[in-house]
Amino acid sequence: MSAEDPAAEGRPQDRRVENQAATGAGPAPDVDDAARIALTQAREAARAKGLRPGSPGRRRRPLDAGRNAAAGSPGAARDPQLLGETAADLSRTLGWSQPLSIGGVIGRWPDVVGEQIAQRCTPETFIDGDLVVRADSTAWATQIRLLLPQLERRLAEEVGEGVVTSIQVLGPGGPTWRKGPRNVRGRGPRDTYG
């Protein structure tokens, strides 16, 4: 190593300071010497990995260039997204928007129809656009039937036009003696108690 080589300059001194610090002999290295030692160690580690200090690094290729280019920024597809937006995209993709909106209306029934009506009638089923509502008395069933145009309009605002095609209002259910899915037509239960 010659004295003209700027890279060789300072290396023996760095090793000497490093050896003195490691063995505990001699004065403790000052801040400049510690920085020089750290830089030397970093350069040696880079050479061991095959990297040349001062040269530009390799660029990594994005994982999904198509999605990133469409989003407009290099890492947009992998950036964290809001949970509500992600759930809305998922429900729209899987075709759950209509059932979820109906479930939301049934879950928020008092907000949709009002507290007084919600205390007297409850939604029972929603199948293929047919909503079945049961009132707790025949008088309330009649009142709900009179309010059907307003109820249909309110439901159209909440879930969208054409989702609820018909509303059936039932009165209170009487006792039933049916015990299973099958039944036989006939006169039904008669006086069997006495």
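**Reading a sheet and the helix across it**

Me: Arg 134 stands opposite Leu 170 in β3. How do strands of a sheet pair?

Reply: Strands pair through backbone hydrogen bonds, parallel or antiparallel. This is a predicted model: local features need pLDDT of at least 70, side-chain atom pairs 80 or more, while totals for chains, interfaces and linings use all residues. Numbering starts from 1 along each chain as its sequence is written, and side-chain values use heavy atoms, without hydrogens or water. Here β2 (residues 130-135) and β3 pair in the parallel sense over 5 bridges. Pairing takes at least two DSSP bridges; strands are E runs of at least two residues, helices H or I runs of at least four, numbered from the N terminus.

Me: What is the strand order in the sheet?

Reply: The order is β1-β2-β3, an open sheet with mixed pairing. β1 (121-127) and β3 (166-170) are the edge strands, each pairing on one side only.

Me: Which strands does α9 lie across?

Reply: Helix α9 (residues 148-159) lies across β2 and β3, at about 130 degrees to β3. Angles (0 to 180 degrees) compare N-to-C directions of lines fitted to C-alpha atoms, for helices over the stretch in contact; contact means heavy atoms within 4.5 Å.

Me: Which residues of α9 are buried?

Reply: Leu 148, Leu 151, Leu 155 and Val 159 are buried. They share one side of α9, because their arc is only 60 degrees around the axis, taken from directions to the C-beta atoms. Arg 153 and Glu 157, on the other side, are exposed. Buried is under 20% relative accessible area, exposed over 50%, partly exposed in between (1.4 Å probe, protein chains only). The cover over the buried residues includes α8 and β3.
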